[in-house]
Protein chains: 2
Amino acid sequence: MPPGRPPRQVDIARIAGVSQATVSVVLGGNRAGVRMAESTRRRVLAVADDLGYVPHPVATRLASARTNMIGLYTFRATFPTEVADSYYPILVGVEDAAAALGQDLVLFTGTAGERTQSAAAIRRVRVADGCLFFGRHVPDEPIARLVDSRFPIVYIGRRPELGGRIPYVGADYVTASADLVARLRELGHRRIRYVREADDAPSSQDRERGVRQAGAVVTRLTGGLPADAVRSWLGEGVTAIVVEETDTGAAYTTVRGAIDAAGLSIPDDLSLAVLGRPPGAAPEVTGFEVPYRAMGGQAVRLLVDLITEQPTTPQHLLHCPPVPGATIGPAPG
Amino acid sequence: MPPGRPPRQVDIARIAGVSQATVSVVLGGNRAGVRMAESTRRRVLAVADDLGYVPHPVATRLASARTNMIGLYTFRATFPTEVADSYYPILVGVEDAAAALGQDLVLFTGTAGERTQSAAAIRRVRVADGCLFFGRHVPDEPIARLVDSRFPIVYIGRRPELGGRIPYVGADYVTASADLVARLRELGHRRIRYVREADDAPSSQDRERGVRQAGAVVTRLTGGLPADAVRSWLGEGVTAIVVEETDTGAAYTTVRGAIDAAGLSIPDDLSLAVLGRPPGAAPEVTGFEVPYRAMGGQAVRLLVDLITEQPTTPQHLLHCPPVPGATIGPAPG
DNA sequence: CTGAAAGCGCTTACAG
DNA sequence: CTGAAAGCGCTTACAG
């Protein structure tokens, strides 16, 4: 082979003595309707093999077939350390499933730019056949464009936006949160306080809904939490605190700090549970596992179904297995 | 905007009353030589903004500009657990640098397939502007094709293949290994045994070269290592063992096992050092750090230099900082 | 059964 | 200063 450019269909065509279009048809795996003389087929295939031909992915894509690339878009610089606990396992799940399905993965790095910047950034995902999105919030406009133009996307995490038209694979926080509070009730706790962060997102709403269903009273954190606040809750009869879990782990850290400052001991004076796993969580903290890895894998499979137009269920909520832990106990008294 | 397809240059052209080519020129940032009437420029820009135009990345690429995507090719299914210790930090370094340079990252998953399969797999990387490679061994033919066709690639890890024409960013194992043995000599060790695995690769050769330079005697492991072997080394006057470090950590595990079986205590009876960090390494094991993250970042910068045809040094070896640890001590006696 | 043509959306010489 | 043309490498109707 002459060093230089890789072989193209025209090269094969010239050598095999057929037209470039014929080469395309043979190599394309004989589309329905088109039938080749077996001898032609063989000849083309032989030459292609000889030349070490491989289709140019970009041209293939532009001519509107597939690239077998799926995107993963995160709205900030990827590998942000503060979301490592969720991002890594998701990435692993996505990678594994993508590899299993023969898809390459394109990591799109969101720019922190202005509106138009971000629209441009998001439109880049069109190189891929479809794209996974991951982030607490949705930039409605660019996502709406994608959805409107029927570009396949799947969100990792529940998304109620756009009138419920966004496909997603999320975690069933409502059930997991309600179950956790229910477990506390079984342990005799009657007054249960739920502490959540200020920032809102579907995952926060779902957790709150779950704990409310199970009868907990909600406090929204805006700033710190003095030890006195915890003491006064106890005074009101509160025997258990449940805290939200987010990437920052702020609620957990804050509450734990206030409990320590109040000189209370867990779980004797007070039970403590987390709606997830605190960052770097020791196994003794009671809570539940968020199935990040499975979410990533499932999201890939959903996306590929969407791309290949398989009939499928476009929205999934995955079960969060409970983590028993040792920070809850029977209600005192 | 009508939902449906995203705006293209023709759409802008029609509305602005200019030709599509003019739109391309204006949007392309006014190539050298071409000058536009300011009014035309403004009009085109305004319409483009209005329509929310963003160039179609695939078409852009096919028409031979850049995609701002760089590839990362690993020769096995990505995220293989056994190389996690090296793969993750490399990935983080690559991601960070790519994001900083405004490049998207395409993760190419190697197929375990046959020769031609792998050639096909490797040619996929051409979607990107350039590609990073990572793996102990080089599949010469496909890589040669890439290099011959002047497609920019950078290996993570030293690569002497193809007559030294492969750009790379590696670790300076020779120096780090020699230094480690030198440290043992300073502690009074005179007979030092180096135990390496059977598989060969540049990283293995470099480590071996380093320890040989510093006067260690080499044993190549093929199978297990009986406790007797270690005892007989001691009988010959050996007071320190240095082991190779690879992704599997096999040499370390094997040697450590043999030492334990021989009932020897570290570092009193025997000093032990590792040319790297054993998987899940406790900090007390003496060795050195492989700067994986920096290698990943540096590789990206090199690749982008190559892509943009900046003058640059195409081969780098990075320093490996020593880890003092506590498994070496003065030579007994 | 196979070829010629048009088109995917862009860039890049080359003419006016 | 701007337009018309060709081309990137492929796929997909549509003719023969």
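Biologist: Which residue of β2(B) does A:L105 stand opposite?

Modeller: Happy to start there, with the reminder that this is a predicted model. Strand β2 (residues 104-109) of chain A pairs with β2(B) in the antiparallel sense, over three bridges. Within β2(B), the residue opposite A:L105 is B:L107.

Biologist: And inside chain A, what is the bridge partner of A:L72 in β2(A)?

Modeller: Strand β1 (residues 69-74) of chain A and β2(A) run parallel and are joined by six bridges. For A:L72, the partner in β2(A) is A:L107.

Biologist: Which strands stand at the edges of the sheet, and why is one side of each left without a neighbour?

Modeller: The sheet is open, has 12 strands with mixed pairing, and its order is β11(A)-β5(A)-β4(A)-β3(A)-β1(A)-β2(A)-β2(B)-β1(B)-β3(B)-β4(B)-β5(B)-β11(B). Each edge strand has a single partner strand, so one of its sides has no neighbour in the sheet; the two are β11 (315-318) of chain A and β11 (315-318) of chain B.

Biologist: What does the twist average from one strand to the next?

Modeller: Across that open sheet of 12 strands, the average from one strand to the next is 20°.

Biologist: Which element gives the most to the side of chain B that touches chain A?

Modeller: The contact takes 39 residues from chain B and 39 residues from chain A. On the chain B side, the elements giving two or more residues are α4, α5 (84-100), β2 (104-109), α6 (115-123) and α7 (140-148). By class, that side has 20 nonpolar, eight polar and 11 charged residues. With six residues, the element that gives the most is β2(B).

Biologist: How do α5(A) and α13(A) cross: is the crossing left-handed or right-handed?

Modeller: The axes of helix α5 (residues 84-100) of chain A and helix α13 (residues 292-307) of chain A come within 7 Å and cross at roughly 40°. That makes α5(A) oblique to α13(A). Their contact has 12 nonpolar, four polar and three charged residues. As for the hand, the crossing is right-handed.

Biologist: Which element contributes the largest share of the surface near DNA strand C?

Modeller: Of the 30 residues around DNA strand C, those that come nearest are A:A21, A:A37, B:R8, B:S24 and B:A63. Elements giving two or more residues to this surface are α2 (20-27) of chain A, with α2 (20-27) and α4 (57-62) of chain B. Its residues divide into 15 nonpolar, 11 polar and four charged. The largest share, five residues, comes from α2(B).

How values were computed. Residues are numbered from 1 along each chain as its sequence is written. Chains are lettered from A and ligands numbered from 1 in the order in which they are written. This is a predicted model: local features need pLDDT of at least 70, side-chain atom pairs count only at pLDDT 80 or more; totals for chains, interfaces and linings use all residues. Axes are lines fitted to C-alpha atoms, for helices over the stretch in contact, and angles run from 0 to 180 degrees between N-to-C directions. Helices (H or I, at least four residues) and strands (E, at least two) are DSSP runs, numbered from the N terminus. Angles under 35 degrees count as roughly parallel, over 145 as roughly antiparallel, 65 to 115 as roughly perpendicular and the rest as oblique. A crossing is left-handed if the near helix is turned anticlockwise from the far one by less than a right angle, and right-handed if clockwise. Ala, Val, Leu, Ile, Met, Phe, Trp, Tyr, Cys and Pro count as nonpolar, Asp, Glu, Lys and Arg as charged, and the others, Gly among them, as polar. A residue is near a molecule or strand if its C-beta atom, placed from the backbone, lies within 6 Å of it. Two residues are in contact if their C-beta atoms, placed from the backbone, lie within 7 Å. Two strands pair if DSSP finds at least two bridges between them.
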